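Trainee: I have a model open and want to learn how to read it. Can we take a few features in turn?

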Amino acid sequence: MSTVPAPPPAALPSRLRASGELGPTVSFELYPPRSPGAAERLWQRTLPALAEAAPDFLSVTYGASGSSRETSREVVRWVAEHTAVRPVAHLTCIGSPRDELREVARGFLADGVQDFLALRGDPPAGTITWTPHPEGLQRASELVELLLDADPRLGVGVAATPSCLAPDAPDAATCGDLLALRAKQDAGAGYAITQVFFEVESYTRYVAAARAVGVHLPLVPGLVPLTDPNRLRRLEEISGVPVPGRILAALDAEPDEAHREAAGLAMGAELVDAVLAAGAPGVHLYTFNQAPASLALLDRTGLRPATGRPAL
């Protein structure tokens, strides 16, 4: 297995381990709760448990074209006010005028947020014909510029998409995602988080191609715990990223939930270890608003500190 060259230092939120050495970053992603019951679980169980694990940052999504934006802001505000974890607020630009985006960013800044994930975003679900806002932005690189114009000290991350690069891609320089990533870097982005993938080769191939077109950003692998085959199948439908048949077959072969979780944990730990061995600067875990599987993965791979930072 080949390794990828280490990028130069950049604005990737990170912590110093107790040993004094800079270790791999660990971060989580949440989405805003969609029901009263989900909200209660998030506030009472998931958020405190994830915060106690002392991640480097915790990012919070919102829906297409800004739907659930206010609920997302509530989650981000809670993280900022009640934990020692750095919140990273997602912000999408598609469908919104510039002035509205500036106002949303100002609201986050007023809440103490200093880190954003700048995304182009997708049209609303079910939209067949969509027209960009005449006073809006078209690309995530423009959103990076807008945020840094508001405050050059902000930390701004962006997205990367390993699945865009086919294994037999003839020329990485023509890959639209890589060209967009280079534009986001040139606009001032400090790091990128990848879309989910399931094979270490997907990551190493993408990083090598990105370096070949001049992208030197730290590329943080976005991973999901591999313990729930139903969730993985649903994720495949949503993301379009195929889940390898060997993973689903291994999970489906187990006789009960406990054995499936154990098998998934072993496969997930193998992938985490592989990407770190290949030079990844850390891992970003898509939690699906549930803490146990992600925390078990950190414990299995030795990435969870012996003593987490308690909530404030």
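This is a predicted model: local features need pLDDT of at least 70, side-chain atom pairs count only at pLDDT 80 or more; totals for chains, interfaces and linings use all residues.

Trainee: Which way do the side chains of strand S2 (residues 57-60) point?

Mentor: In a regular strand, side chains alternate between the two faces of the sheet. Here Phe-57 and Ser-59 point one way, and Leu-58 and Val-60 point the other. All are buried.

Trainee: Which strands are joined to S2 by bridges?

Mentor: Strand S1 (residues 25-30) runs parallel to S2, joined by four bridges. Phe-28 stands opposite Leu-58 there. Strand S3 (residues 86-92) is also parallel to S2, again with four bridges. In that pairing, Ser-59 stands opposite Val-88.

Trainee: What unit do S1, helix H1 (residues 36-52) and S2 make?

Mentor: A β-α-β unit, and a right-handed one.

Trainee: Now the loops. Is Thr-287 buried or exposed?

Mentor: Buried means under 20% relative accessible area. Thr-287 has 4%, so it counts as buried. Thr-287 sits in the loop between strand S8 (282-286) and helix H10 (292-301).

Trainee: What does the side chain of Thr-287 reach?

Mentor: The backbone oxygen of Glu-29, at 2.8 Å. The Thr-287 side chain also reaches the backbone nitrogen of Asn-289, at 3.1 Å. Beyond its neighbours within four places in sequence, Thr-287 has contacts including Phe-28 and Leu-50.

Trainee: Where does Val-224 lie?

Mentor: In the loop between strand S7 (219-223) and helix H7 (229-239). Val-224 is buried, at 5% relative accessibility. Leaving aside neighbours within four places in sequence, Val-224 is in contact with residues including Phe-198, Tyr-286 and Phe-288. Val-224 and Phe-198 are 26 residues apart in sequence, and 8.5 Å apart C-alpha to C-alpha.

Technical notes: Residues are numbered from 1 along each chain as its sequence is written. Side-chain values use heavy atoms; hydrogens and water are left out. Helices (H or I, at least four residues) and strands (E, at least two) are DSSP runs, numbered from the N terminus. Buried means under 20% relative accessible area, exposed over 50%, partly exposed in between (1.4 Å probe, protein chains only). A polar contact is a pair of N or O atoms within 3.5 Å; within protein, one must be able to donate a hydrogen and the other to accept it, and residues adjacent in sequence count only if both atoms are side-chain atoms. Contact means heavy atoms within 4.5 Å. Two strands pair if DSSP finds at least two bridges between them. A crossover is right-handed if, with the strands pointing away from the viewer, the path from the first strand over the helix to the second runs clockwise.
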